[in-house]
Each structure stands twice: as C-alpha cells, then as structure tokens.
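Let's take a walk through this one together. Keep the structure open beside you as you read.

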Amino acid sequence: MDGFSYSDIFATKGIEYLVIIAFLALLIPFWIVLNKQSKMTRQIQSTLGVLSAKILRIPQGLFYGKNHTWMYMEKTGAAKVGLDDLLLHLTGKIKFRYLKPPGETINKGDLLAEIDQEGKLLRIFSPVSGKILDTNSLLNDSNGMLNDDPYGKGWIYKIKPSNWIEEANTCYFAEDATNWSAKELERFKDFLARTMKDYTPETAMIIMQDGGELLDHSLSALPDEIWKDFQNEFLNPDQL
Amino acid sequence: MNNNYQIAVDHDGKSIWKFLISELKPKGKFFTLFNIISLPIMLLGLGLIVIRFIYGIGSITNLTQETPWGLWIGFDVVTGVAFAGGAYVLTFMVYILNVHKYHSIVRVTVLNGFLAYVFYAGALLLDLGRPWHVVNPIIGNSFGVSSVLFLVAWHFLLYMIAQLIEFSPAIAEWLGAKRAHKILSGMTIAAVIFGITLSTLHQSGLGALYLMAKDKIHPLWYSEFIPIMFFVSSVFAGLSMVIFEGSISHKVFFSQISEKNHHAQNNIIRGLAKICAGTMFAYFFLKLLVFIHGQNWDLLNTPMGYWFLLEMLGFVFLPMTLFFYSYRTNNTTLIKVAAILTMLGVILNRLNVTVIGFRWDAAVHYIPSWMELVVTLAVIFTEIWIFRWVINRMPVLRDSPSWVNENK
C-alpha cells in the first residue's frame, strides 16, 4: 500500500495514563473551587434577607411537630411548646393571640392559638396532649420576642403532658429535624411556585430573586388566600 | 360538551393572507447602520453567486485541485455548524435535565440553530459541482453510503426538520393557530430527543470528513480523534455563541423582553459560563492526550507549532481560565470577553483543520479571494435579516400570547 506507515499506538501509554490521572486529580479542586460559595455571598445572602436552609436555627434537642411547632421537656416534667424558626421566617412579624387559658386540658391536634398579620390568620394546633400550666406573659407585651427568640424567651405554652413518650416519638429530633426543615423549605418553594402561577409576575419578584432564592418573610407580601392554602399544606393538624 | 374550541385566533376579521402580507412589511427604521452596511454586501453576494453558477466555481474563488475545499466549507459549513451547537446543548439542559433556569432562551437558540443549518447547508450547495445532485443521498440515485457526506446530508435534513418542529409552536402562536399549537407542543420532547441524538453524530461527522485527508492536514491537527474533538468543542462553541448572540439580542430587542427575563439574563450567562469552563477544561486535557499520543512534540518548534500553541494556550486555556474567574467573581463583562475569545478559538481550530493546516506545505498557499469573503458575509447577513424578521414578529423573545396558557 502506498504511503502506509505503522506507528506504535502504545508508545506513549505511560505518559497518557499519567496525564489522565493528573486530569482527574486536578478536576476535583477545579470543580470544588468553581462551586464554592464565597463567604461574601453567604454574608450578603443573610443581610439581604435571603431565606436559605443555612440561616435557620434548629436546636437539636427539641422535638419538632409537623405543623412547625416545637416541644421540650424540662426537668420539672412540664413541657414548653413554641413555634419554629422556619415558620417565623416565612411569616415575618406577627401578633400572637392565645385561645386557651391555663388550667384547661387539651388533646394533641387541638386549636391552641392564632397568629395574625394584618388580618391574615394562621391557626396553631397543639403537638402534645395534657394540661395547660401557663402562658407566656412576655408575648403579650413585646411581640418581637416571638421572632427574635422563638426557642428561648419566645415560648408560647407550658403544658403538663399526659402522653409524652408516644407523642414525642411522632416528632422530628436532632439531625432528622434539620433535614426535615431543609425539605420543608424546598416544599415551600414548590408551594409558592404552584400558587404564584395564578398571580402577577410582580408579586413573584418580591418573593424570589432571579436565582430562585427565596426572600425572607415571603408570606408577608402574599394575600389571605395564600395564607389559607399555607395553613392547609403546612400547619394542618391532621399531619401531626 | 360542546366547547367553543377556536381553531385559530381572529385577526380582527382579516383573512390569514392579508395578515401574512402585512407581516412582510418592514418594522422599524429601514436605514439603520446595520442595514446600510449589510444590504449592498448581500446584493453583491447575490450577484457573485449568480456568476459562480454561470461560470463555475473557479471564476470567483481561489480553490484549486490541491485545495478543493476553502473558506465556504471551512468557515460557513464547519464552523457555522459548530456554533449552532448551542441548540442541542440548551434543549438537553432544559427538556432532559429540567434546568428550567434556561427556559427563556431556548426558543431564540433553537431559531438560531435552525437558521444556521438552513443557511450553511445552503452554503454547501455553493461548493457542489452539480448542486442538483444534493438530493441523491436522500432519493437514492446512487446514495453514496461509503461517504461520510451521506451521513452528513441525512443528518442535516433530519435535524432541520427536528428543529423546525421544536420551533413551530412559536410559529403557531404567531399565526394564532391554537389547534396546531397544541399538536406541535406535544411533539416538542420527541423532536428534542431526536435532535440531540442527531447532533452528537453530525457535529463529529463534520470532523470525520477530514479523517481521509491524513497526509494533507498538518500532523499537529490531524488525528483519528478529530470527530471527538469537534463534538466536544461544539458544546462550548455553541454556548459561547448563545452568550454572545444573547447579549446582542438583549440590547437590540430590549423592548420585547419581559421584566422577569431581564433580571434572569445575568444569571443565565453566569450558568453558561460555568458549563463552558468545565467543558473547556476537559477539552484541553483531551487535546493534550491526543497531542501526546500523536508523538509530534518535535513539531512544536516550527512556525505551525507556534500557531498550534497559540490556538491551545491563547484561545482555549486562556478563555477557560477567564470563564472560571468571571464565574467566581460574577463579572458579566469578563464572561462576554471570554465568550468572544472562545468563539475566535473555535473559528481558529476549525480553520486550522480545514483551510490553514490543510495542505500547509503546498507551494501556493490557499488564500480566499475577496469574492469568497463577500459571499460568506452575504450568507451571514441574510441569516441575520431573517432572524430579525422572525424576532420582530413571532413570540421568541417576548412572552407567548395569553391563550397559550389556556390551552394547557
């Protein structure tokens, strides 16, 4: 055959293997650095008020009910009940209204309280059954307490539980709670996407930045109908 | 259950023909700078094409027996098709991977891809000695199955049909044909899958055309891996073209784009930059492997070797690092600079394989004549004119009419 030359295709095999290994070795830091979210972005996100799973406070020792309430057994045997950080980040500043007085016996799933934002209401149902011991007088005076310190000074009820072990078992705890909160945030974004379809693009811009990042206090910009849908999807007592 | 199902939207009682004729009228100023420059070139190009078909290809080109493929194939067909690769990459991301972030630019990219293939397949006709034989691979008057061009011809035809189907919902919206819109929208995903499958092969197929020219292409550019290289580089070539053309369209057709899509623009460009950076990283190492495998390192110290290094380092490695850096620092201007550099690099690579590195050792180098350049420009300008015509009339950049959502 004319002009036929035979070259050894395995001559450079060793170098080629080394290059491939080098490529794979370099690919890992390349990809990591490319995707690393700079500290600046994270800081900006939290100051701009972007709601992401990273800024949620989720104390690991609390039991979290599926309707975004938490409960905590103190050494005295009384349980403190409150609202979780995700719910408060979604709603923004709210007014709290007690619906059950101390001394009353309640069951899990009973209506405990209402939160109100300019006429838009959300109903809070109890994650635990028992006798109501006390309400938090601090909440009546300064309502900012609920948003600032929902797990500490912002507790809403002290209840002596009648069926603690069984009811705490149905709640999320420690890492499960953290994972569940992140999933709930995603579920909320999907919920928004579904409900926002029927609303104007301008409203969508107030809720989400163009990267799909959720802005803080999203529910505060939305009308009552969406609050009602939110109640059914996220704060339903049947889920408890 | 007798729903009033409107077949087509009522254009104020006008018939469809009156509507089409009214759409032919120009919208906007006629004597813009672009029009003043492009129109004479287009008319001159048309004249030259007529001369080419009357007097033969030698009358207006510098092609010879030694270099039978020149600027028209090297630039219009091979490079143009590489740049149209944005269509299959974007439809893959939006319809297969469900990355809805890029949804707003799919239509304009598919339109671009469709026009590119139509015009560049047309430009291929200019090179054929017997252009009427172009239907042979399809109708079977001697199929030519032993040639890579058989594959290229079929793929071009099928891909143009697939892209037309992908784009047709926009045409249906323009004409107000509700029923057609419903049917065509249902065919989108099938057309997308078909189109992506076709693209992988014809992007590499154009490279495969040069596999037979082993002794004619400079060893630094010839390898048995040309098809794979062409395919991988078509990914970032297409995306860079999307960034480049998207930035221009964004300014020119500013008034059409909705508020939401305005804000999304930078985020989209940034996402595309990341994909380009990753793909170019892989491509660079692939090229390195092919270079080592070819055992031609002593050729680096020649003029062609320096040219090769310029292409590799200046137009692949440099834009890759620019994409990487501009993605991290969120610098949109730098992303656009990197996109332009990448496009220049792809043009350089394709021209190196097809024209510059082809018969680099010939006694008389092939240099395209000014007439070839004019015809090439005329083809590109005509494509831009049609692109502009479509954008100004059909819902490509602007949102679809409201009845589209009712249809769902």
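How many residues does the contact take from chain B and from chain A? The contact takes 17 residues from chain B and 12 residues from chain A, where two residues are in contact if their C-beta atoms, placed from the backbone, lie within 7 Å. Before going further, a word on ground rules: this is a predicted model, in which local features need pLDDT of at least 70 and side-chain atom pairs count only at pLDDT 80 or more, while totals for chains, interfaces and linings use all residues. Residues are numbered from 1 along each chain as its sequence is written, and chains are lettered from A and ligands numbered from 1 in the order in which they are written.

Back to that interface. On the side of chain B that touches chain A, helix 11 (259-294) and helix 12 (303-329) of chain B each supply at least two residues. Helix 11 of chain B gives the most, with 13 residues. By class, the side of chain B that touches chain A divides into 9 nonpolar, 4 polar and 4 charged residues. Here Ala, Val, Leu, Ile, Met, Phe, Trp, Tyr, Cys and Pro count as nonpolar, Asp, Glu, Lys and Arg as charged, and the others, Gly among them, as polar.

Now for chain B itself. It has 15 helices and 0 strands; helices (H or I, at least four residues) and strands (E, at least two) are DSSP runs, numbered from the N terminus. Of the 408 residues of chain B, 39% count as buried, meaning that 20 or more other C-beta atoms lie within 10 Å of the residue's own, with exposed standing for 12 or fewer and partly exposed for in between, and C-beta atoms placed from the backbone. Among contacts in chain B between residues at least 6 apart in sequence, 79% join residues at least 24 apart.

Axes are lines fitted to C-alpha atoms, for helices over the stretch in contact, and angles run from 0 to 180 degrees between N-to-C directions. The crossing of helix 12 of chain B past helix 13 of chain B is left-handed, a term used if the near helix is turned anticlockwise from the far one by less than a right angle, with right-handed used if clockwise. On the helix 12 side, the residues that meet helix 13 of chain B include F315(B), L318(B), L322(B) and E311(B). Their counterparts in helix 13 of chain B include L334(B), A338(B), L341(B) and N352(B). In all, this contact has 14 nonpolar, 5 polar and 1 charged residues.

Another pair to find is helix 4 (residues 86-96) and helix 9 (residues 188-208) of chain B, which pack at an angle of about 135° with their axes 9 Å apart. These two helices of chain B are therefore oblique to each other, and they too pass in a left-handed crossing. Helix 4 of chain B brings Y88(B), T91(B), F92(B) and Y95(B) to the contact, and helix 9 of chain B brings I189(B), V192(B), G195(B), I196(B) and S199(B). These residues divide into 6 nonpolar, 3 polar and no charged.

One last stop in chain B is W69(B), in the loop between helix 2 (33-55) and helix 3 (71-83) of chain B. W69(B) is partly exposed, with 19 other C-beta atoms within 10 Å. Leaving aside neighbours within four places in sequence, W69(B) is in contact with G74(B) and T354(B). F358(B) sits 289 residues away along the chain, yet its C-alpha atom and that of W69(B) are separated by 9.2 Å.

Turn to chain A, which has 9 helices and 12 strands. Of its 240 residues, 26% count as buried. An open sheet of 7 strands in chain A has the order 6-9-10-4-3-2-11, with antiparallel pairing; two strands pair if DSSP finds at least two bridges between them. Strand 6 (105-106) and strand 11 (172-173) of chain A are the edge strands. Within the sheet, strand 9 (residues 130-135) and strand 10 (residues 157-161) of chain A pair over 5 bridges, and G130(A) stands opposite P161(A) in strand 10 of chain A.

Conventions. Parallel < 35°, antiparallel > 145°, perpendicular 65-115°, else oblique.
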